[in-house]
Amino acid sequence: MGQEALSAQVVLYNEDGQNETLAEKVDMSVQANMACLRVVFLNWFVSSLLKFLNSFQQAQQAIMDAAAGAAEAAKHNMQEAYQKAVKLSLNIKLQAPIIIIPVNSRSLDVLIMDFGNLTIYNKFRTLNICNSAGYPAVIDELNLDLQNLKLSRAKLDNEAKEVINESLILQPITFGLVMLRNLSAGWYKEIPDIDLSGRLESINVTLSQEDFSKVMHVLKDNFAESVVVEPSTPDTAESEKKLTESKKSLERPNTLEGFKSVTLESEVEDKDKETAAAVPVYTSIKFTFTMDSLIVDLFAGGSKELHGVSSTAHLPENGLACFSLHILSLKGKILSDGSIITSILLVDCLLDDTRVKSDSKIKRLMERKPENPGASGSAVEAPFRSMIDLTYQQKGSEMFVDLRIFGFTLILCLSYLMKVADFFTSGMAPSATTTEDASAEIITSQFNNLPAKSSKASTVTAAKSRSSTTSATASPPSSASMMTVNVRVEKPDIILVEDMEDLDTSAIILNNEIVFKLRIADSHQVMNGSIKDLQLYSCCFNPKRRKETMAQILHPCSISLAGSTPEGQGLHLDVCMTDIRLRVSPATIGLLSSVQSQLAVVSAEAEEQATEVDYSNIWTPKNFHDAEYWFLKTEVGEDAVLGSGVAVEPAPPTGEICILSAPSVIITMEAGVGSQTLPMILVDIGFQGSVTNWSTQMSVSSGLTVQVAYYNSEQALWEPLIEP
């Protein structure tokens with residue numbers, strides 16, 4: 001209020017012969033100040049505006065052509081300015097707009113997105129490096145600072161002008177970005193053309209159950225609220241048909257276009273290869289972004305009406321969970337030949353139980369494994385190790401992806417995880433306004449969907465047939481491509497616990513190592529994978545008593561996978577397992593049954609809290625539009641020539657083979673208490689099988705060997721029940 005909406009000052013300096021050794025001299029200076037704008041977003045209004053503009057198709061096409069021409073001219077000017085190393089001095093201060101998004105057009109509950117304050121300024125630096133003409137290298141340092149970016153849930157007054165109460169969802173954050181532009185890139189290649197570096201200290205999200213529900217209602221109600229598109233009249237249909245015919249008459253034949261495009265592309269590719277072999281490769285763009293932490297605090301419950309700036313739903317006693325990421329880093333560079341090298345690093349991922357009223361002794365549910373958990377030295381001496389390391393490289397049509405997930409610990413308590421899942425599923429529940437309207441529109445929606453599907457299906461079929469015929473005739477030959485994917489997961493500990501309130505509770509621990517490699521070259525694929533040291537054992541959760549109470553359920557085994565697609569044939573797959581030894585004891589069965597009973601209790605509580613839909617207003621008269629009902633819509637015919645294309649389906653692969661091999665699977669039933677058990681029955685199964693041509697005529701052949709024995713404790717030997 002009382003400020004200028006926008007003030008700008010642009011100064012052009014016409015100094016053709018200025019001395020390049022003076023860094024303070026510039027070609028253009030821009031100073032701008034912008035006041036804060038308040039924008040209310042309603043999808044209904046945007047849709048009605050687009051509907052109004054859609055009636056002016058010829059003017060709209062002219063505007064689009066003019067905009068495309070202006071964009072092309074602006075792009076050309078930017079490239080020319082960059083090649084000439086134009087010195088542009090910037091000093092811009094913007095109060096970013098505040099966007100208000102209501103739940104719907106009739107609601108005073110809103111989401112407020114405040115983009116804070118944006119400051120852009122730059123300065124020029126000269127380096128102690130000169131070219132043959134004696135001019136030094138000049139660097140343009142551009143700084144971008146964004147402050148107080150936040151998101152909140154609020155309630156407006158009856159006139160929808162002032163905010164009555166507000167509750168922060170996204171705490172104010174600050175972001176800094178520094179861009180270094182090499183103005184002497186024509187001769188100085190030691191520094192990239194553009195060097196981007198950004199740092200984000202912390203992102204704190206405070207989300208209650210009611211906050212999440214309002215966000216989902218905005219996505220479901222506001223963005224789904226739109227005007228009804230009326231069917232086009234015969235006059236408009238004829239005018240559109242004439243317009244398209246006139247456009248088609250001006251177009252060139254498809255055959256000539258396809259021929260010329262292929263020849264031109266081949267010529268350009270040959271020229272690019274020649275120039276690429278002669279010009280040395282250098283770093284064009286370099287970027288580095290770092291985020292210190294991302295913390296998401298979840299709170300149970302929450303009042304539907306806001307009572308103050310600090311919401312009662314965000315009190316510590318209502319805490320549910322805390323999910324956080326620590327030190328997320330993105331680094332990469334783009335070379336002059338178009339190659340991309342990128343790496344993403346995540347140091348740690350944490351999940352904590354923040355319930356104050358609970359007597360839980362296990363608070364940390366997920367974390368990265370320490371490097372040397374059994375070493376007595378200090379943590380500083382241990383080498384630094386991340387949790388997730390992703391590397392991506394692309395050069396031409398070749399692509400390489402390497403994903404490494406290092407050891408981590410994940411504790412699963414299904415009763416607690418069901419409560420966390422209920423936090424998100426309850427937010428998907430229909431709002432009050434949607435529930436009232438659903439009962440009146442239930443019959444209409446059933447009738448509207450049936451005919452629409454058939455018409456859409458025919459349209460989609462015709463579109464697919466046309467696209468298939470055009471792609472088959474005009475698609476140029478694609479160059480050879482290659483993709484390599486490597487995935488490695490190093491021995492995570494996945495622990496299933498019975499009760500989080502007891503540190504000495506029973507637990508089942510799963511541990512393994514996963515390695516997978518995939519290589520795709522055109523239509524040829526080669527894959528190799530293995531699950532090493534797959535083991536499952538029960539023990540006490542307390543780390544101090546874990547070794548002495550450990551009892552093997554699944555002894556260490558390995559599973560290997562090898563597959564390929566030979567030329568002209570389908571997938572060949574070979575799955576091989578080592579000897580599998582499985583022990584089933586009463587303690588294991590008791591733990592699994594206890595976990596299952598907890599799930600039954602949680603599901604019963606969720607059913608009691610579920611609200612039934614009120615259909616008392618189903619016969620209340622409602623306003624309707626003629627175009628809302630299928631029997632009042634105008635059917636639009638389709639030309640038989642357009643739908644005459646026949647889709648050519650690719651032939652199914654032949655020669656598919658999958659071989660499964662499990663030489664020995666031994667299952668032992670035991671009796672006893674804890675780790676003091678005796679075997680009772682042993683089942684030894686051997687399996688070998690193969691499956692062929694599962695895409696056409698599947699054929700299965702297998703062989704199974706079974707042997708069953710019981711343990712004679714008096715003589716301490718196994719006696720057969722079923723011989724091999």
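Me: Which residues form the nonpolar patch on the surface?
Reply: Trp44, Phe45, Val46, Leu49, Leu50, Phe52, Leu53 and Phe56 form it, with about 780 Å² of accessible area together. Patches are made of residues with over 30% relative accessible area and no salt bridge, with like charges joined within 9 Å and nonpolar side chains (Val, Leu, Ile, Met, Phe, Trp, Tyr) within 5 Å. Accessible areas come from the Shrake-Rupley method with a 1.4 Å probe, and for residues only the protein chains shown count as cover.

Me: Good to know. What kind of model is this, and how are residues numbered?
Reply: This is a predicted model, where local features need pLDDT of at least 70 and side-chain atom pairs count only at pLDDT 80 or more, while totals for chains, interfaces and linings use all residues. Residues are numbered from 1 along each chain as its sequence is written, and side-chain values use heavy atoms, with hydrogens and water left out.

Me: Back to Val46, where does it lie?
Reply: Val46 is in helix H1, residues 43–54. Helices (H or I, at least four residues) and strands (E, at least two) are DSSP runs, numbered from the N terminus. Val46 counts as partly exposed because its relative accessibility is 30%. Buried means under 20% relative accessible area, exposed over 50%, and partly exposed in between (1.4 Å probe, protein chains only).

Me: What about Ser29, buried or exposed?
Reply: Ser29 is buried, with a relative accessible area of 13%. Ser29 belongs to strand S2, residues 28–34. Not counting residues up to four places away in sequence, Ser29 touches Gln9, Val10, Val11, Tyr13 and Ser89; contact means heavy atoms within 4.5 Å.

Me: And Leu12, buried or exposed?
Reply: Leu12 counts as exposed, at 61% relative accessibility. Leu12 sits in strand S1, residues 6–12. Leaving aside neighbours within four places in sequence, Leu12 is in contact with Asp27 and Met28. The C-alpha atoms of Leu12 and Val26 are separated by 8.7 Å, with the two residues 14 apart along the chain.

Me: Switching to strands: how do S13 and S15 pair?
Reply: S13 (residues 340–353) and S15 (residues 388–395) pair in the antiparallel sense over seven bridges. Two strands pair if DSSP finds at least two bridges between them. Leu345 stands opposite Asp389 in S15.

Me: Which strand do eight bridges join to S15?
Reply: That is S16, residues 398–405, and the two run antiparallel. Ile388 stands opposite Ile405 in S16. The hairpin of S15 and S16 has two residues between the strands, and Gly396 there takes a positive phi near 65°.

Me: Now charges. How many salt bridges does the structure hold?
Reply: There are 17 salt bridges. A salt bridge is a side-chain nitrogen of Lys or Arg within 4 Å of a carboxyl oxygen of Asp or Glu. One of them joins the side chains of Asp292 and Arg199 (3.0 Å, N to O). This pair links distant parts of the chain, 93 residues apart: Asp292 is in strand S11 (residues 283–299), and Arg199 is in strand S10 (residues 194–208).

Me: Why are Asp292 and Arg199 called partly exposed?
Reply: Asp292 is partly exposed because its relative accessible area is 24%, and Arg199 because its value is 47%.

Me: What about Arg355 and Asp353, buried or exposed?
Reply: Both are buried. Arg355 and Asp353 form a salt bridge, the closest N and O atoms being 3.0 Å apart.
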